[in-house]
Every structure is written in structure tokens, then in C-alpha cells.
Amino acid sequence: MIYEMTQEVPVLAGRGAVREMASRLKHQYGIRKVMVVYGPGVKEAGLSDRVLEALKAQQLECMCYDKVERDAPDYIVDELGNIILENHCDAIVAVGGGSTLNTAKGAGVVASNKGTIRDYMIQRPARLSGGDTAAGFQAVHKHRQDIPLIAIPTTSGTGSEIRLTGVVHDTELHLKDIIEYTPKLAVQDPEFLTTMPTFITATTAFDAMAHANESMTSTVCWRKRWESLL
């Protein structure tokens, strides 16, 4: 059974959700050319081939980027963003774990706004000036988000597919930073989780539990949220 949940990012879930996603790209979103982003593990597991098969069944033109690296380094993000821009891709489909989804988010920022991903890192200006990095989260960030991003997670726990923010490695400062790009659709197909090794299944389950515990115990975040609504 395929079902959909509506929140900040709509979630299409159930067996066969990837095929439904491909149909929506063509018939609902009017997409013609797709950049499919994934890493070597997803390729070896055959998951990227299944996504490409679903997209090509809808006669969508596909390009592939399979050089994703761990922790989404800025130079990879910039390279992918420029490839998307130069080839006029009108959608991004990211298949993988947090590093892949964050790489695709950053590439969407670069392709929509040009420049480099460092221009859009939230904490970088304060780090360079010695200021308070928390101020970066309170500022309003109004860069464009022109290219629809479809996020297909292949692990549990990251949550990157259903939220605005992503994490990119600033290789100049040797720190991770936050960027913003909201996926158009998250696709949760249980068939894409069956290839996870036992160790990854266990560790990502603990990751998901840690995120849930953090949201329940962080009084600071809730207090700031309620103050902003009053």
C-alpha cells in the first residue's frame, strides 16, 4: 500500500513508491531531465539502477553523479551544482544516506543561485569574523530553491529527507556547516532498506532513537520556538 503524509516535506511511502515518484515527476511536476545522485554503495547494491529504471520508464532523460563522498565536502557539492546548472537539469533525485542527501541539497543551492556553497553556509560568516555562530540560525536566508529535489533515503536515522537543513563540510575551515534547501518530496520505499548491512541497520536505528530523544529533552529549542510564536 502506498500512502502520503503531509508536513513541511510531503512523504510518499510504501512498496512501489519509487515508481509512483517517477510518474509524478513527469505528469505532476512537468520534469523532463533529471540528475540522479548516489554513492558507490548504492550503486553496488543495485538501488540506483532501480531508480533509473523507474525514471526511464516515464521517458525522462537521466544524468548520473556517483562521486558522492562522506560528509558532503564543499568541493563535491560545488562540482555537482555546476554540472546540474550547465546541463539544465530541472530536477534532482538523491538516493542514499545523509551524505548523499546533503550533497544534493547543497548542489541545489549552487545550481539555483550560482556562486559556491560557502556563500550560503549559515555559520561561516560568524566563524570568519569571530562572532556568535548561533546568530546565523536566527537570520532569514532567502536564497532561491528553483530545482525540485526528490530525496530517497536508503538508511534510517538521518531525517535529511524531511527537513529544510543539510550539513556540508567546509574543507577550508575543517568544520561542518549548515545549509538550507527543502526537498520537494521524500520517498520512503521499504524495498530500498533491505540491502543495508546488519551493522548499518543497527547503528542507524540508534541514530533515529537519538534524534527522537533529543527532540523530547531539548528545552532550549522548545522555549525559543514558543517565544517566536507569541
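Modeller: A salt bridge here is a side-chain nitrogen of Lys or Arg within 4 Å of a carboxyl oxygen of Asp or Glu. By this rule the count comes to 14 salt bridges. The model is predicted: local features need pLDDT of at least 70, side-chain atom pairs count only at pLDDT 80 or more, and totals for chains, interfaces and linings use all residues. Residues are numbered from 1 along each chain as its sequence is written, and side-chain values use heavy atoms, with hydrogens and water left out.

Glu20 forms a salt bridge with Arg24, and their closest N and O atoms are 3.1 Å apart. Both residues lie in helix H1 (residues 17-27), four residues apart, about one turn of the helix. Helices are DSSP runs (H or I, at least four residues) and so are strands (E, at least two), numbered from the N terminus. Burial is judged by relative accessible area: buried is under 20%, exposed over 50%, partly exposed in between (1.4 Å probe, protein chains only). Glu20 is partly exposed because its relative accessibility is 29%, and Arg24 is buried at 16%.

Arg50 and Glu191 also meet in a salt bridge, at 3.2 Å from N to O. This pair links distant parts of the chain, 141 residues apart: Arg50 is in helix H3 (residues 47-57), Glu191 in the loop between strand S9 (185-188) and helix H8 (198-217).

Arg118 forms a salt bridge with Glu172, with 3.9 Å between the closest N and O atoms. Arg118 lies in the loop between H5 and helix H6 (124-129) and Glu172 in the loop between S7 and S8, so the pair ties together parts 54 residues apart in sequence. Salt bridges that share partners join Asp74, Arg118, Arg124, Asp170 and Glu172 into one network.
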